[in-house]
Amino acid sequence: MKETNLKEVEKKTYMSYHQDGLIDILVGIYVLMFGSGILFLTLTDFSTLFVVIPAIFPAIMIPVWISAKKRITMPRIGYVKFRSRGAYRLMAVFLGLMVFGLGTFMAFTFASSQGWALTLRNLVVLNGMIIIGVAAATISSLFAYTMGLKRLYAYGLLTLVLFLIGHFITIPFGYFLVTIGLVIIITGFVLLMRFIRKYPITQGDKKNAEKSL
Amino acid sequence: MPKNPSNLKNIDRLIHEPTRLMIITQLYVVESADFLFLQHQLQMTPGNLSSHLSKLEEAGYVEIVKEFVERKPHTALKLTKKGRSAFKEYQQNLKQVFSALPK
């Protein structure tokens, strides 16, 4: 048996555990809230709450996701514990993103004193939509490759296309985020409905399975 | 026929059986999984899966861990060290058999 075949089995296992759409719904809500926060901030002056909520959302998101997995996914398809290799790969992606983020932050900090950095900042500001679109598509693709979830490529592509359009058409940035968030949430709910229909809870079968061991 | 047919004798027949090979492959790529997960992944009936798991457990390839997760009983299945090394050896032996075949 080739090593690649084993990797395929590993990816298939990972994908089957994340076919419930829960992660999509939570990520979609986050993007939607972030987009709405930006929009409300543009329209009114007292909507700091809409920016604060997306900031604390990841801290709430992980326990909610774990709880939803326990209540929805595990009773239907069972429980699996993955080997740490996948976690290390995800950690590497996170570290890479952190280094990239810090680099960008430093470039902007230098922009106040250094001439070259000021030029860079102007370049970033002028092509902001393209840069964000490319960055989002790259991050989505990295996660899609690491996690083996192909739909993340589609989310990345959607973001890139919308942001490229946004570079040429003057529409507030928040509307693009709201659109992306809604698309991800809808996809998540479609996946969740499909998952629930495909794997109904059969308590009898579960008990028989436990007894037979 | 392979040049060295004795390689075929080294093939672990317990693992070589297609259903058990599927079970071992599935458990090889994860740390542990429960009965329900294996049943769904491998599209097997509880009885069939249970009988194959018993054979693998008897051989010391699979460990059945009964534990409590949030005060509820939970049965996790994992490949033992013996099971992992037996699977690796099986892979190598199978490779040798095929490499000995004339092209």
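Is B:Gln43 buried or exposed, and how many C-beta neighbours does it have inside 10 Å? Hold on to that one for a minute, because the cut-off matters here: a residue counts as exposed with 12 or fewer such neighbours.

Okay, hi everyone. What's on the screen is a predicted model, so please keep that in mind as I go through it.

Let me start with chain A. Its mean pLDDT is 77, with 70% of the residues reaching 70 or more.

In terms of layout, chain A has nine helices and one strand. If you read along the sequence you get α-α-α-β-α-α-α-α-α-α. Out of 213 residues in chain A, 21% count as buried. And if you take the chain A contacts between residues at least 6 apart in sequence, 68% of them join residues at least 24 apart.

Now, a helix pair in chain A. Take α6(A), residues 128-147, and α7(A), residues 151-168: their axes come within 8 Å and cross at roughly 175°. Anything over 145 degrees counts as roughly antiparallel, and therefore α6(A) and α7(A) are roughly antiparallel to each other.

Who's touching whom there? On the α6(A) side you've got, among them, A:Met129, A:Ile130, A:Val134, A:Ala137 and A:Phe143. Across from those, the α7(A) side includes A:Leu152, A:Tyr155, A:Leu160, A:Phe163 and A:His167. By class, this contact between α6(A) and α7(A) has 15 nonpolar residues, seven polar ones and no charged ones.

While we're on helix α7 of chain A, one of its residues is A:Val161. A:Val161 counts as exposed, because it has 12 C-beta neighbours inside 10 Å. I also looked at A:Val161 against A:Val27, 134 residues apart along the chain: their C-alpha atoms are separated by 19 Å.

Chain B has 103 residues, and buried ones make up 27% of them. Its C-alpha atoms fill a box of roughly 55 × 25 × 20 Å along the principal axes. For chain B contacts with a separation of 6 or more, residues 24 or more positions apart account for 57%.

So where do the two chains meet? In total, 21 residues of chain B are in contact with 20 residues of chain A. On the chain B side, the elements giving two or more residues are α3 (18-28), β1 (30-34), α4 and α5 (46-58). Of these, α4(B) gives the most, with six residues. By class, that side of chain B comes out as nine nonpolar, 10 polar and two charged residues.

There's strand pairing between the chains as well. Strand β1 of chain A, residues 80-82, pairs with β1(B) in the antiparallel sense, over three bridges. To give you specific partners, A:Val80 is bridged to B:Ala33, and A:Lys81 to B:Ser32.

β1(B) also has a partner in its own chain: two bridges join it to β3(B), residues 72-79, again running antiparallel. B:Asp34, for instance, has B:Ala76 as its bridge partner in β3(B).

The buried residues are B:Phe35, B:Leu36, B:Phe37, B:Leu38, B:Gln39 and B:Gln41.

B:Gln43 is found in the loop between α4 and α5 of chain B. B:Gln43 counts as exposed, because it has 8 C-beta neighbours inside 10 Å.

What about its backbone? Phi of B:Gln43 is near 55°, a positive value in a residue other than glycine. For context, most residues other than glycine have a negative phi.

Methods: Residues are numbered from 1 along each chain as its sequence is written. Chains are lettered from A and ligands numbered from 1 in the order in which they are written. This is a predicted model: local features need pLDDT of at least 70, side-chain atom pairs count only at pLDDT 80 or more; totals for chains, interfaces and linings use all residues. A residue is buried if 20 or more other C-beta atoms lie within 10 Å of its own, exposed if 12 or fewer, and partly exposed in between; C-beta atoms are placed from the backbone. Helices (H or I, at least four residues) and strands (E, at least two) are DSSP runs, numbered from the N terminus. Two residues are in contact if their C-beta atoms, placed from the backbone, lie within 7 Å. Ala, Val, Leu, Ile, Met, Phe, Trp, Tyr, Cys and Pro count as nonpolar, Asp, Glu, Lys and Arg as charged, and the others, Gly among them, as polar. Two strands pair if DSSP finds at least two bridges between them. pLDDT is the predictor's confidence in each residue, from 0 to 100. Axes are lines fitted to C-alpha atoms, for helices over the stretch in contact, and angles run from 0 to 180 degrees between N-to-C directions. Angles under 35 degrees count as roughly parallel, over 145 as roughly antiparallel, 65 to 115 as roughly perpendicular and the rest as oblique.
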